[in-house]
Structures are given as structure tokens and as C-alpha cells.
Amino acid sequence: MADTIARDGHIHIRTMEETEQDFQTFLKWMTDPRTMKYWEGMTEHFTYERVVRDYRESREEHVEQCIIEWDSKAIGYCQFCIVNAGNYEVPEAQFGQFADKQDVVYGIDIFLGEADYRDRGIGTKCMKVLMKALFDERNADMLMIDPKTHNARAIRCYHKCGFRDLCVVPERELQDGIYHDSLIMGIRKKEFTVELNQRDRAKSYQEQIK
């Protein structure tokens, strides 16, 4: 049975299960050009067997793979794991400018596989729910994410969630035969807490003036 990672309103983030249903759902997204354009690239070919293999390999590497549901409908995917400088191909000294040695740092990947749920602010809401869970339940000191620099939609979403630009790693990810730059972004727990408090105060003020 799937474990709940986070739940808030319409959103339920649960662990991805080793079931045909979850594998077929993920395969559908991985064969949709609207998703592949931003995720793995248009020249990648996914099969059911590859989805199963990738799932098992990621699990062995202690990557937590999750399905995002909206009103019980699977709409997206996210994954997270503890990371260090090597994961992002950043020199230790440079990484140390962002995170202290004792910090618990989680790396995140996320996408909405159902195109009808994009451009409605749902991705931002899902990201914030995941972030809160990692800070509160997993004791993360910092979260990081690494979109390709040309993925403007994702970067806008992450900025809305409070992530700030940390550095660019040139020619880090191969996609469709081209090496693309990665933008390393991050947010510390105290920064996220400040943003939450500001949002709560704004909500309280709006309720008072109704």
C-alpha cells in the first residue's frame, strides 16, 4: 500500500508503487511529447520494461519516487533524495557557499504529466506541499532543484515557490543530442518559513476586510 508523503486540500502526494497501474501511468506520461519536451527529450524511447527498470534502479539509489494526485486522479510525478555537491557537479567549495556541511539537503524533481492541469497554478501548489513536507517531516535544511536553463515554465514555478538562483553548471545534461546548461536553484528552511508566514498574514488580512 502506498505511503502518504503529503496531503493538502485537493493534493495528495504518495509513494509510487511497484504496480502495473503506476507503471502504465508513468509510461503514458513518458510517451507524451508535451511532457518529454521538458523531461527526458524527444529522442528518448520509453517502454514498459524501461519504466520498471528505471524505477527499481532509482529505488536502489534511495530515490523516493512519488505520484501526485489531484482529487484522487494521478496528474504528476515527483522524486527526492539527499544530495551533495557531486550530484549537481558543483565544486565542493562552491557548494559550501550555499549549504553547510552538516545541512540535510534534498534534491527534487517534479512534473505534471497531465497537460490539462498545467498553466493553472497547480504545479506551484503541488511543489509547495512537497516542500513543506520535506522541511517539516524529513528535517530538510535546504532544498535544491536543477532545471535546464531553457525551461522557462519550470523556472517561473520554482521562483514562485521561493527558490533562488545559485549557479549555472554549463553543458551538464544531454538532451536530444545537445548538452544543456543546468540552473541550480535552492531554498533554505528559514526562507520558506518566512514566505509561509507572510502568506498566512496576507490571508488573515484579506479575511478581516471581507
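The model is a predicted one, and residues are numbered from 1 along the chain.

Aromatic rings make a handy starting point. A pair of them is described by how far apart the centres are and by the angle of the planes. The count here comes to 9 aromatic pairs. One of these joins Phe26 and Phe111, a tilted pair with 6.2 Å from centre to centre and 50° between the planes. Phe26 belongs to helix 1 (residues 20-30) and Phe111 to strand 5 (residues 105-112), so this pair ties together parts that sit 85 residues apart in sequence. Both Phe26 and Phe111 are buried.

Phe111 has another ring partner in Trp29: the two centres are 5.9 Å apart and the planes stand at 90°, so this pair is edge-to-face. Trp29 is again a helix 1 residue while Phe111 is in strand 5, so the pair links parts 82 residues apart in sequence. As for accessibility, Trp29 has a relative accessible area of 1% and is buried. Phe111, at 9% relative accessibility, counts as buried too, because the cut-off is under 20%. Taken together, Phe26, Trp29, Tyr77 and Phe111 make up one aromatic cluster.

Arg50 lies over the face of Phe46, 3.8 Å from the ring centre. In a second case, the charged end of Arg120 sits over the ring of Tyr117, at 5.2 Å from its centre.

Helix 1 comes back into the picture through its packing. Two packed helices are described by the angle between their axes and by the distance between those axes. Helix 1 packs with helix 3 (residues 48-60) at an angle of about 110°, and their axes are 9 Å apart. The two helices are therefore roughly perpendicular to each other, since angles of 65 to 115 degrees count that way. Their crossing is right-handed. On the helix 1 side the contact involves Glu20, Phe23, Gln24, Phe26 and Leu27, which meet Tyr48, Val51, Val52 and Tyr55 of helix 3.

With a relative accessibility of 18%, Ser58 counts as buried, because the limit is under 20%. Leaving aside residues up to four places away in sequence, Ser58 touches Val63 and Gln65.

The crossing of helix 5 and helix 6 is right-handed. Gly123, Thr124, Met127 and Lys128 of helix 5 make the contact with Cys157, Tyr158 and Lys160 of helix 6.

Helix 6 (residues 152-160) is also where Arg153 is found. Its relative accessibility is 32%, so Arg153 counts as partly exposed. Not counting residues up to four places away in sequence, Arg153 touches Tyr38, Arg118 and Asp119. Arg153 and Arg118 are 35 residues apart in sequence, yet their C-alpha atoms are 9.9 Å apart in space.

Technical notes: Predicted model: local features only at pLDDT ≥ 70, side-chain atom pairs only at ≥ 80, totals over all residues. Heavy atoms only, no water. Phe/Tyr/Trp six-rings, centres within 6.5 Å; stacked < 30°, edge-to-face > 60°. Helix = DSSP H or I, 4+ residues; strand = E, 2+ residues; numbered from the N terminus. Buried < 20%, exposed > 50% of the residue type's maximum accessible area, 1.4 Å probe, protein only. Lys NZ or Arg CZ within 6 Å of the ring centre and 35° of its normal. Axes fitted to C-alpha atoms, helices over the stretch in contact; angles between N-to-C directions. Parallel < 35°, antiparallel > 145°, perpendicular 65-115°, else oblique. Left-handed = near helix turned anticlockwise from the far one by under 90°. Contact = heavy atoms within 4.5 Å.
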